[in-house]
Amino acid sequence: MNDLNHRRRFLVGCAGAAAATLLPFGALAAAAVPRTLRAQRLAWAGVRLQLPDSTLFIDPLVSPEAWGRALPDRLVPVADAVGETHVLVTHTHSDHFDGTAVATALKNGGVLAYPAGLQPSPWPQGARARPSALWEPQLLGDFTATPVPASDGYGDTQVSWVVSAGGRRIFHGGDTQWHGNWWRIGRQFGPFDAAFLPINGARFGWREPASGQPDVLAPEQAVAAAVILGARVLVPIHYGVSGMDKYVEVDDPLGRVRQAARERDVPLQIMEPGTWLPWPEGSL
């Protein structure tokens, strides 16, 4: 009898999955799913996504060595993850792949998902590797995370992440610069409850000759990306570094993103590290 019941549940699940494939992405995400996801901004580009019984971190940063005194952000601890825990990284630069943060978050095991073709190092003991190809959804417990195209300022491999869970869908942009895939991402996955996007428009001087061009989204570009993605709120990340010779942000990134958001009527939520996102009212 137990085998029969198991088979019945399996067949019902298959039928439900088949029916779900007929629904648009947005309709599927909104289909009678309790809206239980919480989102916390961590230091720099880090985000914690929290469900009642599971946790997902994206680009967590806890090591002061990454930026030293140049970054005034409070380094938010990640040792208090709830339930089944996984980590996504957008790329393996040290301010986005912090080995200490990942090892701490995954101290009880879990998946580390990263762009296919990379090998994060140092590897956290007990973590399960998940090299992830573009556009291929990764099922991580109660989270579904899909890597989508991004453009790195050095030309290194990088992705952005689309994450769905608890009746909500978010976009995390790592430290991408402007590229031509925003429209495809928006059409395929949008709209989004929130888009976490870099805004500091940093220019790098470590490689010669220097381009003098923004190697990270500038504030106005982040707002434009939020419009294309259909984001119900833009949450700025990846800003606040100062006092470095070869890494220079635009002047007043928060002031500029506020101005650009007003001009394009984009809801904006400025969050200090450690705070939780108040979701916009209504639903997608």
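Colleague: Which residues of helix 5 meet helix 6, and what makes this a contact?

Modeller: P219, E220, V223, A224 and V227 in helix 5 meet P253, R256, V257, A260, A261 and R264 in helix 6; contact means heavy atoms within 4.5 Å. By class, these residues are eight nonpolar, no polar and three charged. Nonpolar covers Ala, Val, Leu, Ile, Met, Phe, Trp, Tyr, Cys and Pro; charged covers Asp, Glu, Lys and Arg; the others, Gly among them, are polar. The model is predicted, with pLDDT of at least 70 needed for local features and 80 or more for side-chain atom pairs, while totals for chains, interfaces and linings use all residues. Residues are numbered from 1 along each chain as its sequence is written, and side-chain values use heavy atoms, with hydrogens and water left out.

Colleague: Why is helix 5 called oblique to helix 6?

Modeller: The axes of helix 5 (residues 219-229) and helix 6 (residues 253-264) come within 8 Å and cross at roughly 40°. That makes helix 5 oblique to helix 6, because angles under 35 degrees count as roughly parallel, over 145 as roughly antiparallel, 65 to 115 as roughly perpendicular and the rest as oblique. Axes are lines fitted to C-alpha atoms, for helices over the stretch in contact, and angles run from 0 to 180 degrees between N-to-C directions. Helices are DSSP runs (H or I, at least four residues), as are strands (E, at least two), numbered from the N terminus.

Colleague: What does the second largest pocket hold, and which residues line it?

Modeller: The space in the second largest pocket is about 160 Å³, a volume being the space filled by probe spheres set on grid points joined across faces, edges and corners. On a 1 Å grid over the protein atoms alone, for a 1.4 Å probe, a pocket is an open set with protein on both sides within 12 Å along at least five of seven lines, and lining residues have an atom within 4 Å of a point. Among the lining residues are W67, H93, D95, D175, W206 and H238. The lining divides into seven nonpolar, three polar and two charged residues.
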